[in-house]
Amino acid sequence: MREYISTRGGNERISSTAAIIKGLAGNRGLYVPAEIPRLPFTIEEMFGKSYQEIAFPILKTFFDDFSDEELKYCINGAYDDKFDDEDIAKLVQAGTAHFLELFHGKTAAFKDMALSILPYLMTTAMKKEGIDKKVCILAATSGDTGKAALEGFSNVDGTEVIVFYPHNAVSVVQEKQMTTQEGKNTHVYAIRGNFDDAQRGVKAIFSDNKIAVQLADRGVLLSSANSINIGRLVPQVAYYVYAYIKLAERKVLQIGQPMNVVVPTGNFGNILASYYAREMGIPVKMFICASNKNKILTDFLSTGVYDVHREFYVTNSPSMDILVSSNLERLLFHLHRKAFGSNDKAAETVSKLMEELDKGGRYELSDQVKKEMGQFYGDFSDVDETLACLRSVYNKHGYLMDTHTAVAYDVFTKYKRYCCDESQTVIAATASPYKFPASVAKAIGIPEMKDEFDYIDAISEKTGVPVPDGLRDLKNKSVLHDKVIEVTDMEKAVINAVT
Ligand SMILES: *Cc1c(COP(=O)(O)O)cnc(C)c1O
């Protein structure tokens, strides 16, 4: 059986079902596979296969304690006609890149790729472990995880889902998507703070024994819908493998030839999934990590120093307005394991670095480990550059990106100028342009309007790009959640939600 261990060490070795249920390890580390598996198939074997058929063997090798029937039930339940494209993840060539469109799910952002399957994995895992408690799913969100988690878990028996988002720091569309969520088990709170505050609050609730006891008394177990949960990360690996198979199948590249990936990055989950795909055997030359003005990762990748002492900016790519990227901890673990050749030694150093981060807001990698980051390239795009890039790709190639994808394309252009690398490149297109209509409209020259929702029709008229179902009538939906709370009241909100 595949074993999962904590990035911060300890003797805990658990199955994938247990790791999915727990979300975060007891010592506050993140679960990683004790060994990353190799691809269980050759690329040729997968030519002509559907997304679901490719995802199955990948999920099966990570989640090997699920039976074939159980996993197929999860995959087929998640990736069905909720998606508005039968490819599920659609690879579209435009300009000099291939856009991997990950936003065809119900909430129009890539978070659906994992959060439409997580509820299936979670409830199946609970059944397998014979747990008949209620699971309370917590999610801190910079805008997109929240809605995708709410949509995924809404009215799922045996679950409550609680979302915390930063007040006044998500797009109007993102906020309305969350505040209009139906379902008797859904809870939505705006917090007076930013995403990092929300994420810190959620992690604190997880490591608070007092709350655990109070919840246990009520027959409730906590878990996480953030990408700290391995059940979210693994389904994301599948689409990078899928993209490579499609490029080879279309003869854009030959099997064995590497591709580059560009990922607009916030919490480091999505780009980490591409790293897992490479570790499984997919040839990747460069991982291009694209940031907005909150460019802590750009600085980290070039210097090996992670330092949160800096100004926090609210940008036009709000889902990436993050300073503390949780999943970087997993990358650190894997890089240290490569450098030291040992899980234990890797975990020991990672624990130390994370303690430094907690206490002093800063850590620095050793030279030996810095070298292991050579395949990562980081750069950033500021607010105006992002809009200019969005406009120019639309005008030149007729392809309409959202602001996050535009950050990625802008950084891709910078990388090409700097590195003269002609490898085929896959850009993770992480959201529909209609999730950020005010910025997109501004970029393509639509005059200013009073109501942000009116931009949706204006963009659709101008570009002919279809509006996703879930956003079309959002304007007229009634608000069902309107609570704004202090960060210090997050705990209380959790207790209230489950009683
Ligand atoms: C969440 C999100 C990101 C960042 O992804 P991470 O996995 O957190 O790095 C980028 N773009 C959009 C649209 C998102 O919703």
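# Close-up views of the predicted model

**View 1. T186 is a buried residue, with a relative accessible area of 6%.** Buried denotes a relative accessible area under 20%, exposed one over 50%, and partly exposed the range in between, computed with a 1.4 Å probe and the protein chains only. The structure is a predicted model, in which local features need pLDDT of at least 70 and side-chain atom pairs count only at pLDDT 80 or more, while totals for chains, interfaces and linings use all residues. Residues are numbered from 1 along each chain as its sequence is written, and side-chain values use heavy atoms, with hydrogens and water left out. T186 belongs to strand β7, which covers residues 186-192. Helices (H or I, at least four residues) and strands (E, at least two) are DSSP runs numbered from the N terminus. A polar atom of the T186 side chain lies 2.8 Å from the backbone oxygen of G183. This is a polar contact, meaning a pair of N or O atoms within 3.5 Å; within protein, one atom must be able to donate a hydrogen and the other to accept it, and residues adjacent in sequence count only if both atoms are side-chain atoms.

**View 2. The ligand is surrounded by 15 residues.**

View 3. The ligand takes up the space of the largest cavity. A cavity is a set of points, on a 1 Å grid over the protein atoms alone, where a 1.4 Å probe fits but cannot get out; a molecule sits in one if more than half of its atoms lie within 2 Å of the grid points.

**View 4. Helix α5 spans residues 118-128.** Its buried residues include L118, P119, L121, M122, T124, A125 and M126. Just after α5, G130 adopts a positive phi of about 65°. M126 and G158 are 32 residues apart in sequence, with their C-alpha atoms 9.6 Å apart in space.

**View 5. The loop between α6 and β6 contains G158 and N155.** Helix α6 covers 144-153 and strand β6 covers 159-166. N155 is partly exposed at 42% relative accessible area, and G158 is likewise partly exposed at 38%. Phi of N155 is near 60°, a positive value in a residue other than glycine.

**View 6. R28 lies in the loop between α1 (16-22) and β2 (31-33).** Although R28 is not a glycine, its phi is positive, at about 70°. R28 is partly exposed, with a relative accessible area of 39%.

**View 7. V173 is part of helix α7, residues 172-179.** V173 is buried, at 0% relative accessibility. V173 and P283 are 110 residues apart along the chain, and their C-alpha atoms are separated by 37 Å.

Key
A residue is near a molecule or strand if one of its heavy atoms lies within 4 Å of it. On a 1 Å grid over the protein atoms alone, a cavity is a set of points where a 1.4 Å probe fits but cannot get out, and a pocket is an open set with protein on both sides within 12 Å along at least five of seven lines; lining residues have an atom within 4 Å of a point.
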